[in-house]
Amino acid sequence: KNFIVKELISMSKKMTIVEQYESIVEKYADVLTEEELAFLKERAELHAKKNGNRKPTAQQLKNKAVAEEVVAYLTETREHLQIKEMIKKIPCLASIENCTPQYVMAIIRPLHDKGNGIVQREEIKGTAYFYIPAED
């Protein structure tokens with residue numbers, strides 16, 4: 001049906017395909033035939049199955065190990081470090097050839113998580129410092 005295609009296009013970009021299918025089924029359950037409902041549910045299941053449990057890539061595993069070492073170093077030293085200082089002082093980052101601030105920030109960002117994470121960010125005179133606060 002034509003209105004279903006328009007509905008898919010107009011939906012929020014943040015919804016997954018599975019969520020879009022489920023939303024359409026909820027909205028138009030009384031208008032659609034059993035065959036169309038079955039088709040939409042089948043498509044939703046296929047997408048959910050396809051995007052199911054994936055193994056992490058080798059790079060993701062490496063990044064996780066680096067993140068753990070960064071947290072261990074910051075926990076042990078309790079230093080406030082800039083990204084460029086981390087690259088020089090933390091052994092696992094220093095050993096990476098061509099380690100860039102962008103790479104380190106990509107590892108720190110999930111640990112920082114807008115103030116709710118394990119690593120805290122403090123800005124002093126426009127310079128960002130990252131640290132793990134001392135436990136009380």
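Me: In which loop is alanine 29 placed?

Reply: Alanine 29 is placed in the loop between α2 (17–28) and α3 (34–50). The model is a predicted one, in which local features need pLDDT of at least 70 and side-chain atom pairs count only at pLDDT 80 or more, while totals for chains, interfaces and linings use all residues. Residues are numbered from 1 along each chain as its sequence is written, and side-chain values use heavy atoms, with hydrogens and water left out.

Me: Why is alanine 29 called partly exposed?

Reply: Buried means under 20% relative accessible area, exposed means over 50%, and partly exposed is in between (1.4 Å probe, protein chains only). Alanine 29 has a relative accessible area of 38%, and therefore it is partly exposed.

Me: What does alanine 29 touch, not counting residues up to four places away in sequence?

Reply: Contact means heavy atoms within 4.5 Å. On that basis alanine 29 touches Ile24 and Leu37.

Me: Why is cysteine 92 called buried?

Reply: Its relative accessible area is 9%, so cysteine 92 is buried. Cysteine 92 is found in helix α6 (residues 91–94). Leaving aside neighbours within four places in sequence, cysteine 92 is in contact with Val66, Glu69 and Val70.

Me: How do you know whether cysteine 99 is buried or exposed?

Reply: Cysteine 99 has 14% relative accessibility and therefore counts as buried.

Me: What makes α4 roughly perpendicular to α7?

Reply: The axes of helix α4 (residues 58–77) and helix α7 (residues 101–112) come within 10 Å and cross at roughly 75 degrees. That makes α4 roughly perpendicular to α7. Axes are lines fitted to C-alpha atoms, for helices over the stretch in contact, and angles run from 0 to 180 degrees between N-to-C directions. Angles under 35 degrees count as roughly parallel, over 145 as roughly antiparallel, 65 to 115 as roughly perpendicular and the rest as oblique.

Me: Which residues of α4 and α7 meet?

Reply: In α4 they are Gln59, Lys62, Asn63, Val66, Ala67, Val70 and Val71, and these meet Tyr103, Ile107, Ile108 and Leu111 in α7. The residues of this contact divide into eight nonpolar, two polar and one charged. Ala, Val, Leu, Ile, Met, Phe, Trp, Tyr, Cys and Pro count as nonpolar, Asp, Glu, Lys and Arg as charged, and the others, Gly among them, as polar.

Me: Why does methionine 105 count as partly exposed?

Reply: Methionine 105 has 21% relative accessibility, so it counts as partly exposed. Methionine 105 is found in helix α7. Its contacts, leaving aside neighbours within four places in sequence, are Ile83 and Phe130. Methionine 105 and isoleucine 83 are 22 residues apart in sequence and 7.2 Å apart in space, C-alpha to C-alpha.

Me: Why does asparagine 98 count as exposed?

Reply: Asparagine 98 has 68% relative accessibility and therefore counts as exposed. Asparagine 98 is found in the loop between α6 and α7. Its phi is near 60 degrees, a positive value in a residue other than glycine.

Me: What makes lysine 125 exposed?

Reply: With a relative accessible area of 84%, lysine 125 is exposed. Lysine 125 lies in the loop between β1 (120–124) and β2 (127–131). Phi of lysine 125 is near 50 degrees, a positive value in a residue other than glycine.

Methods. Helix = DSSP H or I, 4+ residues; strand = E, 2+ residues; numbered from the N terminus.
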